[in-house]
Amino acid sequence: MINQNSKKVKKIFNKISYKYDFLNNLLSFGMHNLWKKNLIHLLKPENGEIWADLCCGTGDLSFLINEKIFPKGNVIGIDNAQEILNIAINKSDRIKKNKICWKKKDIFEIDESEKFDGICMSYGLRNLESVENGIKKVFRLLKVNGRAGFLDFNHPKRNSFASRFQKIYLRLIVVPISGLFNLRDEYEYIENSIKVFPEAKNLINLSKKIGFKDVKYQTICFGQMGILLLKK
Ligand SMILES: C[S@@+](CC[C@H](N)C(=O)[O-])C[C@H]1O[C@@H](n2cnc3c(N)ncnc32)[C@H](O)[C@@H]1O
């Protein structure tokens, strides 16, 4: 079942798709590429493995995994917003050594008979209608001993410098700059989505409750971002 929130999120990402990579690079000063590389480095995909990049957007993680699993493995990049997926597909057409396939699908509708050695998600979990159901879905899609990694905003300690910085950065940099491209409302949505996103300790407890045997969380970029690493 696709609920209203999911429709709203899909609309947002279809609308911002044409500027998504440009604004990501500009607003993070290119650092999102390093954070994504860091996630893939920790997950260690290997040649021959089958991986899924859920909520793949323009495909950054899929491309990084492709370099590791090539030539024997496969990566599938899945997103439910066609226009952002089209950007991934166009970029992918320019790569010769390519074992990526792209699928337009809601992640909750992925057939669970399909099993993966690894699953990754960057800035996707926070956008799902239910974080808990998202992690449960990943659990069911993984092979035994499969591993998963999620990169997203972290909740810095309340009233800390990092927490104030996050608010100021979102309100005074992200929103005004995206406003120049008529995307103010869409980027304003980030702050609210972070507010309702679980803190690290809750993500850890939730993952343990779901059944992951190995659960780790680490912050990066002075506590602005977090990586949740799971093993089934
Ligand atoms: C913030 S973007 C992240 C894109 C990419 N992973 C990145 O790090 O640049 C979130 C993506 O999640 C996708 N998304 C949100 N909910 C989804 C769902 N239920 N199923 C599939 N994709 C979803 C959106 O369409 C969007 O492309």
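Helix α2 (residues 31-43) and helix α3 (residues 60-69) pack with their axes 10 Å apart, at an angle of about 45°. That makes α2 oblique to α3, where angles under 35 degrees count as roughly parallel, over 145 as roughly antiparallel, 65 to 115 as roughly perpendicular and the rest as oblique. This is a predicted model, in which local features need pLDDT of at least 70, side-chain atom pairs count only at pLDDT 80 or more, and totals for chains, interfaces and linings use all residues. Residues are numbered from 1 along each chain as its sequence is written.

**How the helices pack**

- Two packed helices are described by the angle between their axes and the distance between the axes. The axes are lines fitted to C-alpha atoms, for helices over the stretch in contact, and angles run from 0 to 180 degrees between N-to-C directions.
- α2 passes α3 in a right-handed crossing (a crossing is right-handed if the near helix is turned clockwise from the far one by less than a right angle, and left-handed if anticlockwise).
- On the α2 side, Lys 36, Lys 37 and Ile 40 meet Asp 60, Leu 61, Leu 64, Ile 65 and Lys 68 of α3; two residues are in contact if their C-beta atoms, placed from the backbone, lie within 7 Å.
- Four nonpolar, no polar and four charged residues make up the contact of α2 with α3. Here Ala, Val, Leu, Ile, Met, Phe, Trp, Tyr, Cys and Pro count as nonpolar, Asp, Glu, Lys and Arg as charged, and the others, Gly among them, as polar.
- Now look at helix α5 (residues 131-141) and helix α8 (residues 200-210), which pack at an angle of about 45° with their axes 10 Å apart. That makes α5 oblique to α8, and their crossing is right-handed.
- Glu 132, Ile 135, Lys 136 and Phe 139 from α5 meet Leu 206, Ser 207 and Ile 210 from α8. This contact divides into four nonpolar, one polar and two charged residues.
- Helix α6 (residues 161-179) and helix α7 (residues 184-195) cross at roughly 155°, and their axes come within 7 Å. That makes α6 roughly antiparallel to α7.
- α6 passes α7 in a right-handed crossing. Among the residues that meet there are Leu 170 and Val 174 in α6, and Tyr 187 and Ile 190 in α7.

**Around the ligand**

- The ligand is surrounded by 21 residues, and the closest are Phe 13, Cys 55, Gly 57, Ala 81 and Ser 122. A residue is near a molecule or strand if its C-beta atom, placed from the backbone, lies within 6 Å of it.
- Helix α1 (residues 4-27) gives the largest share of this shell, four residues.
- Sorted by class, the shell around the ligand has ten nonpolar, seven polar and four charged residues.

**Backbone details to look for**

- Most residues other than glycine have a negative phi, and most peptide bonds are trans.
- Cys 55 has a phi near 55°, a positive value in a residue other than glycine. You can find Cys 55 in the loop between β1 (50-54) and α3.
- Phe 70 and Pro 71 are joined by a cis peptide bond, with omega about 5°. Pro 71 sits in the loop between α3 and β2 (74-79).

**The whole chain**

- The chain holds eight helices and seven strands; helices (H or I, at least four residues) and strands (E, at least two) are DSSP runs, numbered from the N terminus.
- Along its principal axes, the C-alpha trace spans about 45 × 40 × 35 Å.
- A compact globule of 232 residues would have a radius of gyration near 17 Å, and the chain agrees with its 17 Å. This radius is taken over C-alpha atoms, and the globule rule is 2.2 Å times the number of residues to the power 0.38.
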